[in-house]
Amino acid sequence: MELFYRITIHELIADILTLIDERELSSKNALERVFKRVSGKDREKARGLAHAYVFEIEKWRKKIDFIVNSVLKGSKIEDLEFYLANLIRIGVFEMKFKGVSPAIATDSVVRVVKEKYDLSKAKFVNALLREVENFNLEKALKKLKEKDRIEYLSVKFSHPRWYVEYAIELLGYDDAIRLLLSNNRAQRYYVRVNPLKTDVDSLADYLEEHNVRVARTPVDDVLKILEYKTPITRLEWYKQGYFVIQDLASAYVAHVLSPEKGERILDLAAAPGSKTFHVAHLMENTGEIIAVDYSLERLNKMREKMKILGVKNVKLVHADGMKFKDKEGFDRIILDAPCSSSGTYRQFPEVKWRFDERKIKKVIQVQKAMLKNAYRNLRAGGEMTYSTCSIRIDENEENIKYAINKIGFELVDYPFSWGERGFLEIGDKVFRAWTHLHDCNSFFIAKLRKE
């Protein structure tokens, strides 16, 4: 497929994967950036194909890299520069996962390498992919299983080793395997109604009329998408802001917060804005919501979305959620803290390769600093929801214990209407959702009060 002069689909995919690696962008943002400079009659077709490739390569990256490293001699794919490594990943993915003829997969990649690098690199990649063609993955996995069972599971299900170890310790072997399997299944979509424009029954009828089969969920204003013929983002009601796409567990946060009309609310890590807008909808555009985020780019996207959704009671503030201070104080606070995103692997597979124990320790320090700042900004008697899309106890229950014992919060015994309970001695008062149990992101919610 030629999009315009001398740009091939393989180059586009390699560009997107490299942007994800170099700048730690989401696959969606990297795709948007690359396709800003793409034109031609095949643009939309290429965009869909590139998205599918990037998503699957990121999902199966550990297994792809295992194959490459098994045939490489004296080096690893991680030692290569990002762009070259990603071209090799594309070739392996086509050959071993997509069923493309090995000769075609190899030739497509080698052509790009020859153009971007030199003949010696092209010969290296050609020889490498020829060896990959003859590599027996099942035999290698069987050998690995005998040698190192955890690494075998890590490669087989394409998850970080730390995650496999952590999930087994947390949930037990059987449930951990179910979680790994579930993380690799197709993403489940949920939509939340915008009550400023319609109601959930009318939304359900509209979607059914447009060949989108839906089901009710434990969250009253959220519908589960079971089947669709046309992508829901192409529907007029989506473009006009009658509904938003939001994960089921994420949409539960605003309900747990239980905002009342006319209150003053703070969202300390607001972008991309789903929870902020949900609170605005529940408050029927009354009161005031201060939405803080450190990313100006993401705040600008929130501003555009606000117009579409008809949200008028949100003030966007470009600031650090660890330091932002307001003199008046707030009735309620949302703290959907930055985290390891270890509950979102099914939705954002690229985050699997972004965190290790060192980075997670750093993010926990940010979470604690934001908890302290939330306390400073909350009025006496005010309440806060703390949430993350992480499976880890140190980002969740342990942080809640820190908030109680070191900061001065009180844990509210909220009557959660669905989900599982958590861990440690506070486990019966916190909320947990799991991808393998609830068909949504793995998620944590706790409700706190300032005494």
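**Cores, a sheet and a pocket in a predicted model**

Tyr83 is buried, because its relative accessible area is 12%, under the 20% that sets the limit for a buried residue. The model is a predicted one. Tyr83 belongs to helix H5. Leaving aside residues up to four places away in sequence, the contacts of Tyr83 are Glu11, Ala14, Asp15, Thr18, Val112, Lys116 and Tyr117. The chain separates Tyr83 from Ile16 by 67 residues, while their C-alpha atoms are 9.5 Å apart.

The largest nonpolar core holds 75 residues, and Ile16 is listed with Ile13, Phe35 and Ile88 as having the most contacts inside it. Helix H5, which spans residues 82-97, gives nine residues to this core, the most of any contributor. With residues up to four places away in sequence again not counted, Ile16 touches Ser27, Ala30, Leu31, Val34, Phe35, Ala50 and Val54. Another core lies apart from the largest one; it has 39 residues, including Val222, Val244, Tyr252 and Ile445.

Next comes a sheet. Strands of a sheet pair through backbone hydrogen bonds, in either a parallel or an antiparallel sense. Here four strands make an open sheet with antiparallel pairing, in the order S4-S5-S3-S6. At the edges are strand S4 (212-216) and strand S6 (243-245), each of which pairs on one side only. From one strand to the next, the twist averages 35°. Within the sheet, strand S3 (residues 190-193) and strand S5 (residues 222-228) are joined in the antiparallel sense by three bridges. Val191 has Leu223 in S5 as its bridge partner. Helix H12, residues 200-209, packs on the sheet and touches S3, S4, S5 and S6. The direction of helix H12 makes about 150° with that of S4.

Rolling a probe the size of a water molecule over the atoms shows where empty space is left. The second largest pocket contains about 680 Å³ of space. Its lining consists of 29 residues, and those nearest the centre are Arg61, Asp65, Glu78, Arg89 and Trp353. Two or more lining residues come from each of helix H1 (9-23), helix H4 (61-71), H5 and helix H9 (149-156). Which helix gives the most to the lining of the second largest pocket? That is H4, with six residues.

How values were computed: Residues are numbered from 1 along each chain as its sequence is written. This is a predicted model: local features need pLDDT of at least 70, side-chain atom pairs count only at pLDDT 80 or more; totals for chains, interfaces and linings use all residues. Side-chain values use heavy atoms; hydrogens and water are left out. A nonpolar core is a set of buried Ala, Val, Leu, Ile, Met, Phe, Trp, Tyr and Cys residues joined through side-chain atoms within 4.5 Å. Buried means under 20% relative accessible area, exposed over 50%, partly exposed in between (1.4 Å probe, protein chains only). Contact means heavy atoms within 4.5 Å. Two strands pair if DSSP finds at least two bridges between them. Axes are lines fitted to C-alpha atoms, for helices over the stretch in contact, and angles run from 0 to 180 degrees between N-to-C directions. On a 1 Å grid over the protein atoms alone, a cavity is a set of points where a 1.4 Å probe fits but cannot get out, and a pocket is an open set with protein on both sides within 12 Å along at least five of seven lines; lining residues have an atom within 4 Å of a point. Grid points are joined across faces, edges and corners, and a volume is the space filled by probe spheres set on the points.
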